[in-house]
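I opened my notebook to look up one structure.

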Amino acid sequence: MGVDRVLFLLVAFATHGAVGYALVATFAGVDPRLGALLAVAPDVDLLFDPAWGPAFVHRGFTHAPTFLLACTGVAYAVRRRRTDALAVALALGSHLAVDALSPMGLPLLLSPGDLPSPGLHVHGPALTVLLWTLAGALLVRHNSERITSLRGARE
């Protein structure tokens, strides 16, 4: 694997992690590091051997909406806390939402590209900066609300 590919993957992982972190911190009320970790989780499929079949290629079953629903359901069944299930849905869902916009698209069930895509280069420089800016704006808003509520509690 060339240096260009490694750098591309690192930026893509960091972007997915930042978006998942910001969404979970802002809306789920659980440790946002869980959001960063779960937002990168669908790319575990990069470690699979494509010889295992079409479900195991990049953007195979780990990028399918059914995978998102199954993981969210399991999180709720195991933890019995809506906030945990929401964190899973937001983090995994953010990854799928970003990748759904790319030229490769997403699978409906198993095979990549089953669902239509607008073909945007979401991991290119412009959209990466946009995603980081939006994640940062969410965190700034979330933290300013926390600071305001802490000040109000002291008064």
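These are my entries, in the order I made them.

**Entry: the model.** I noted that this is a predicted model.

**Entry: helix 1.** I looked up its extent, which is residues 3-27. How far apart are the end C-alpha atoms of helix 1? They are 36 Å apart. Helix 1 has 25 residues, and at 1.5 Å a residue they should span 36 Å, so the two values agree. I then looked just past the end of helix 1, where Gly 29 has a positive phi of about 70 degrees.

**Entry: helix 1 and helix 4.** Helix 4 covers residues 82-100. At what angle do the axes of helix 1 and helix 4 cross? I found roughly 145 degrees, with the axes coming within 9 Å. The crossing is right-handed. On the helix 1 side, the contact is made by His 16, Val 19, Gly 20, Leu 23, Val 24 and Phe 27. On the helix 4 side, I listed residues including Leu 86, Leu 90, Ser 94 and Val 98. I sorted the contact by class: nine nonpolar, four polar and one charged. I also wrote down a rule: an α-helix has 3.6 residues a turn, so residues three or four places apart point the same way.

**Entry: the largest pocket.** It holds about 230 Å³ of space. Which residues lie nearest its centre? I found Phe 8, His 58, Arg 59, Asp 99 and His 123, out of 18 lining residues. Helix 1 gives the largest share of the lining, six residues. By class, the lining has nine nonpolar, five polar and four charged residues.

Conventions
Residues are numbered from 1 along each chain as its sequence is written. This is a predicted model: local features need pLDDT of at least 70, side-chain atom pairs count only at pLDDT 80 or more; totals for chains, interfaces and linings use all residues. Side-chain values use heavy atoms; hydrogens and water are left out. On a 1 Å grid over the protein atoms alone, a cavity is a set of points where a 1.4 Å probe fits but cannot get out, and a pocket is an open set with protein on both sides within 12 Å along at least five of seven lines; lining residues have an atom within 4 Å of a point. Grid points are joined across faces, edges and corners, and a volume is the space filled by probe spheres set on the points. Helices (H or I, at least four residues) and strands (E, at least two) are DSSP runs, numbered from the N terminus. Ala, Val, Leu, Ile, Met, Phe, Trp, Tyr, Cys and Pro count as nonpolar, Asp, Glu, Lys and Arg as charged, and the others, Gly among them, as polar. Axes are lines fitted to C-alpha atoms, for helices over the stretch in contact, and angles run from 0 to 180 degrees between N-to-C directions. A crossing is left-handed if the near helix is turned anticlockwise from the far one by less than a right angle, and right-handed if clockwise. Contact means heavy atoms within 4.5 Å. The expected span of a helix is 1.5 Å times one less than its number of residues.
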